Amino acid sequence: MLGTLPGPLALASPHLSWNVVADVRDMFRYPFMVNAFRAGTAVAVLSAVVGWFMVLRRQAFVGHTLAIVGFPGAAAAAWLGAPPALGYFAACLLCALVIAALSGRGAGGDDRGEPAIIGLAQAAALATGYLFISLYHGNLEGTNALLFGSFLGVTTGQVVALTVVAVVCVAAVATIGRPLMFASIDPGTALARGIPVGALSVGFLLLLGAAAAGASQITGSLLVFALLVLPPATARRFTLRPGLGIVLAVALGLTVTWVGLTLAYYTTYPIGFWVTSLAFGLYVVVHAVHAVAHRGRHRPLPEVAP
Amino acid sequence: MTTPQADTAPTVVMTGGAVTRRGRLVWHDVSTTIEAGRFVAVLGPNGAGKSTFIQALLGEVRLDQGSLTVLGEAPGDAHDRIGYLPQRRTFAAGAPIRGVDLVGLGLDGHRWGVPVPWSGGRHTRRARVAEMIDLVDATPYATRSIGDVSGGEQQRLLIAQALVRDPALLLLDEPLDSLDLPSQAAIAALLARLSRERGMTIVLVAHDVNPLLGYLDQVVYLGRGHAMSGPPEAVVTSESLTRLYGTPVEVLRASDGRSVVVGQPEAPAVHTDRHGAAPHHHGH
């Protein structure tokens with residue numbers, strides 16, 4: 001993954017025709033593109049499902065930190081000759097456990113504090129990752145791929161790993177979904193009802209770590225929000241229903257990933273740029289339409305607490 | 001007090017209860033019995049241990065001394081027959097959840113796994129949630145974002161959530177706090193109606209007795225580490241509160257029946273000087 005491939009763009013320079021079916025068929029002639037789509041699909045589904053809960057729990061900052069910690073993990077793996085995917089998952093899950101340990105001191109298990117410590121962790125992670133890159137004598141291409149994403153050189157082994165992780169994590173979310181939602185919205189009441197709020201908190205951090213590690217492998221560590229935040233945040237504008245919202249977030253995540261991969265294949269611009277811009281563009285358009293549609297509908301002023 | 005029905009055991013029996021938190025004795029030697037179907041307020045100044053009392057009933061705080069049974073069981077064992085409303089939370093504007101979902105969580109939010117779509121249970125569930133929302137008169141705004149409705153409306157939805165599994169005991173921590181006066185009166189009337197119509201025992205923490213005065217069957221008054229329990233007209237009097245605090249306290253009655261407690265020390269009551277010159281008006 002770290003800049004070893006000459007890249008298909010050098011071999012043949014594909015360009016879009018008006019025949020979309022032929023273009024897609026053309027693209028899928030390359031096994032690396034098939035692998036990229038498979039990996040992108042697994043990652044988009046996982047990120048949308050976990051991201052929906054992350055937005056609900058207002059843990060975006062934690063999600064971003066987990067993703068950034070994946071960068072030194074992947075760089076260290078490359079330096080040691082291990083697959084970067086392993087580095088991403090190991091670093092993100094380890095970081096999730098550290099955050100859980102640091103914030104789990106209260107019995108209630110509220111892990112939504114300490115932004116200063118989290119900010120420090122982000123800086124340290126970027127610096128360490130940069131160190132590993134220098135130790136590896138990697139070229140700039142490799143750093144870019146780790147930070148801003150790449151769809152080249154996704155191995156079949158990586159596709160299998162990402163699919164297994166996605167299936168396991170989505171199944172886990174489905175199993176803990178309702179108690180997790182209860183604990184996220186209303187921890188006090190959930191605790192009184194016998195729901196293990198603290199354990200759910202730790203479990204969700206691990207799921208978030210897995211999702212961040214997965215998303216990093218497509219969008220790079222710095223652009224994970226394209227798949228983790230934007231699809232759920234856009235879905236929220238359409239519906240507040242939990243089930244429908246998650247399905248919609250998945251659909252949006254898949255759309256931006258598939259279209260982004262296609263555009264990255266047919267243009268000279270990188271995948272991270274396309275996926276992020278598409279997701280952000282959708283978000284802005286949906287919010288703008290919503291704002292116009294609701295203009296003039298005045299709600300009563302909210303009650304002011306003393 | 002009316003005579004309790006012979007076949008209904010008391011909902012709460014505490015005998016000689018004492019709780020210590022972070023090395024501080026919160027209250028001790030508290031004995032009270034709450035009969036089934038009563039509407040009870042736990043009153044007292046800030047820091048008197050009112051929330052601790054509710055937490056003890058929930059089994060979240062253990063008694064260091066004495067005994068306590070709730071619905072005939074050890075505290076915490078009956079949590080599926082208890083509805084609980086923690087101290088008021090406000091939801092941020094645009095919070096991504098609707099009132100109906102919040103009430104639905106009260107019904108099955110503790111269940112693991114995915115609900116089976118298009119099953120019979122789904123229909124019953126929806127009907128049950130709708131019934132509870134109707135019971136608290138929250139139907140008009142139940143499908144809006146919880147963050148976009150007023151504090152009083154949020155409180156109604158939270159009460160519906162606590163009621164949705166038809167609890168035998170409903171515990172509320174400061175349900176009237178930070179509501180405007182009309183909302184306080186409306187919520188107090190709603191709770192009194194629920195207690196009367198559904199025969200439910202309701203125990204709530206309040207720091208102002210006035211919105212509740214016409215409705216209460218019993219008050220548990222906490223102060224100076226002690227408690228007094230009884231009907232409001234017997235407990236909220238100058239004599240009994242003076243005895244509880246050990247410092248002169250006066251309960252003044254306004255012509256409309258509202259009472260004002262004057263001279264009540266805020267805990268921890270370290271100074272014993274009298275507040276005669278500048279009476280502390282308790283309440284809003």
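R58(A) counts as partly exposed because 13 C-beta neighbours lie inside 10 Å. Here a residue is buried if 20 or more other C-beta atoms lie within 10 Å of its own, exposed if 12 or fewer, and partly exposed in between, with C-beta atoms placed from the backbone. The model is a predicted one, in which local features need pLDDT of at least 70 and side-chain atom pairs count only at pLDDT 80 or more, while totals for chains, interfaces and linings use all residues. Residues are numbered from 1 along each chain as its sequence is written, and chains are lettered from A and ligands numbered from 1 in the order in which they are written.

R58(A) is placed in the loop between α3 and α4 (60-80) of chain A. Helices (H or I, at least four residues) and strands (E, at least two) are DSSP runs, numbered from the N terminus. Although R58(A) is not a glycine, its phi is positive, at about 55°. A positive phi, near 55°, also belongs to D166(B), a residue other than glycine. The position of D166(B) is in the loop between α4 and β6 (169-173) of chain B. D166(B) is exposed, because 11 other C-beta atoms lie within 10 Å.

Chain B contains seven helices and eleven strands. Of its 284 residues, 42% count as buried. Contacts are counted between two residues whose C-beta atoms, placed from the backbone, lie within 7 Å. Among the contacts in chain B between residues at least 6 apart in sequence, 64% join residues at least 24 apart.

Helix α1 (residues 50-58) of chain B is mostly covered, with seven of its nine residues buried. The buried residues in α1(B) are K50(B), F53(B), I54(B), Q55(B), A56(B), L57(B) and L58(B). After α1(B) comes G59(B), which has a positive phi near 85°.

Two further helices of chain B pack against each other. The axes of α2 (residues 99-108) and α4 (residues 151-163) of chain B come within 7 Å and cross at roughly 25°. Axes are lines fitted to C-alpha atoms, for helices over the stretch in contact, and angles run from 0 to 180 degrees between N-to-C directions. The crossing angle therefore makes α2(B) roughly parallel to α4(B). Angles under 35 degrees count as roughly parallel, over 145 as roughly antiparallel, 65 to 115 as roughly perpendicular and the rest as oblique. The crossing of α2(B) past α4(B) is right-handed. A crossing is left-handed if the near helix is turned anticlockwise from the far one by less than a right angle, and right-handed if clockwise. On the α2(B) side the contact is made by G99(B), L102(B), V103(B), L105(B) and G106(B), and on the α4(B) side by L157(B), A160(B), Q161(B) and A162(B). By class, this contact of α2(B) with α4(B) has six nonpolar, three polar and no charged residues. Ala, Val, Leu, Ile, Met, Phe, Trp, Tyr, Cys and Pro count as nonpolar, Asp, Glu, Lys and Arg as charged, and the others, Gly among them, as polar.

In chain A, helix α13 (residues 242-266) and helix α14 (residues 271-293) pack at an angle of about 140°, and their axes are 8 Å apart. This angle makes α13(A) oblique to α14(A). The crossing of α13(A) past α14(A) is right-handed. From α13(A), L252(A), V256(A), T257(A), V259(A), G260(A), L261(A), L263(A) and A264(A) meet I271(A), W274(A), V275(A), L278(A), A279(A) and L282(A) of α14(A). The residues of this contact divide into twelve nonpolar, two polar and no charged.

The largest nonpolar core has 173 residues, and C92(A) and L208(A) have the most contacts inside it. A nonpolar core is a set of buried Ala, Val, Leu, Ile, Met, Phe, Trp, Tyr and Cys residues joined through C-beta atoms within 7 Å. Helix α3(A) gives the most to this core, with 16 residues. Leaving out residues up to four places away in sequence, C92(A) touches L66(A), V69(A), G70(A), G73(A), G209(A), A210(A), A212(A) and A213(A).

The contact between the chains takes 26 residues from chain A and 25 residues from chain B. On the side of chain A that touches chain B, α3 (31-56), α8 (156-185) and α9 (187-192) each supply at least two residues. Helix α8(A) gives the most to that side, with nine residues. By class, that side of chain A has 16 nonpolar, five polar and five charged residues. Helix α8 of chain A also holds A172(A). A172(A) counts as partly exposed because it has 18 C-beta neighbours inside 10 Å. The C-alpha atoms of A172(A) and L207(A) are separated by 8.4 Å, and the two residues are 35 residues apart along the chain.
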